[in-house]
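Q: I'm new to this one and would like to learn how to read it. Could you walk me through it, feature by feature?

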Amino acid sequence: MAFILYRFSDGHYEEIEVTEEFAAEYAGMEHREYLVNRKETRRHQSLDKSMEHGFDVADPKVNIFEQVERRLRTEQLHKAIAALSPEQQILLRQVYFECIPQKEIAEREGVSTVAIHNRLERILARLKKSLESDR
C-alpha cells in the first residue's frame, strides 16, 4: 500500500492510503498535468501574471494627457474649495454632493431661497476666478 496527498474540492489536503498501482497512475496524472501547465505558461504569460510582476499593457484608446489634465483640474478645484470659508464649503457640499434642495436649506437657515441662490452664485464666481488665475 502507498499514500497520496489528495486535495479535496473544499481546498483541504488529506493523505489517503491507496494501492501501489493507483499511486503510480496518480503520480503519472499529476506529472502530465504539471507538464501541460508548464507548456501553457511557456507559450504565453497571462495578463494577471504580467501585472503581478509590474508589467502593464497600455490601452491605446486612453489619452494619458487628458487623464493628467483632468487630475490637475481636480486638484486645483480641491485647493480652491479648501480656500473657501467653512460655511461656503458646507453649502457647496449640501447642494452638489448631498443634493439637498436650495429651498430646504433656506428653510433650515431661516432665509429666502434667493439668499441661498445668491450665496451659491458668489461661491461659484469665486471658484471660477480662482481656477482661471491658476492657469
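A: Let's start with helices: helices (H or I, at least four residues) and strands (E, at least two) are DSSP runs, numbered from the N terminus. Keep in mind that this is a predicted model, where local features need pLDDT of at least 70, side-chain atom pairs count only at pLDDT 80 or more, and totals for chains, interfaces and linings use all residues. Residues are numbered from 1 along each chain as its sequence is written, and side-chain values use heavy atoms, with hydrogens and water left out.

Q: At what angle do helix α5 and helix α6 pack?
A: Axes are lines fitted to C-alpha atoms, for helices over the stretch in contact, and angles run from 0 to 180 degrees between N-to-C directions. Here α5 (residues 102–109) and α6 (residues 113–133) meet at about 110°, their axes 8 Å apart. That makes α5 roughly perpendicular to α6 (angles of 65 to 115 degrees count as roughly perpendicular).

Q: Which residues make that contact?
A: Contact means heavy atoms within 4.5 Å. From α5 come Q102, K103, I105, A106 and E109, while α6 brings T113, I116, H117, R119 and L120. Sorted by type, the residues of this contact are four nonpolar, three polar and three charged (Ala, Val, Leu, Ile, Met, Phe, Trp, Tyr, Cys and Pro count as nonpolar, Asp, Glu, Lys and Arg as charged, and the others, Gly among them, as polar).

Q: How many salt bridges does the structure hold?
A: Side chains of opposite charge can pair when their charged atoms come close. A salt bridge is a side-chain nitrogen of Lys or Arg within 4 Å of a carboxyl oxygen of Asp or Glu. The structure has five of them, including E69 with R73, whose closest N and O atoms are 2.9 Å apart. E69 and R73 sit four residues apart in helix α3 (residues 64–82), so about one helical turn separates them. R108 and E104 pair too, at 2.8 Å between the closest N and O atoms, and both lie in α5, four residues apart. Another pair is R93 and E98, at 3.1 Å between the closest N and O atoms.

Q: Is F97 buried or exposed?
A: Buried means under 20% relative accessible area, exposed over 50%, partly exposed in between (1.4 Å probe, protein chains only). F97, in helix α4 (residues 86–97), counts as exposed because its relative accessibility is 65%. For contrast, E104 has 34% and is partly exposed.

Technical notes:
Angles under 35 degrees count as roughly parallel, over 145 as roughly antiparallel, 65 to 115 as roughly perpendicular and the rest as oblique.
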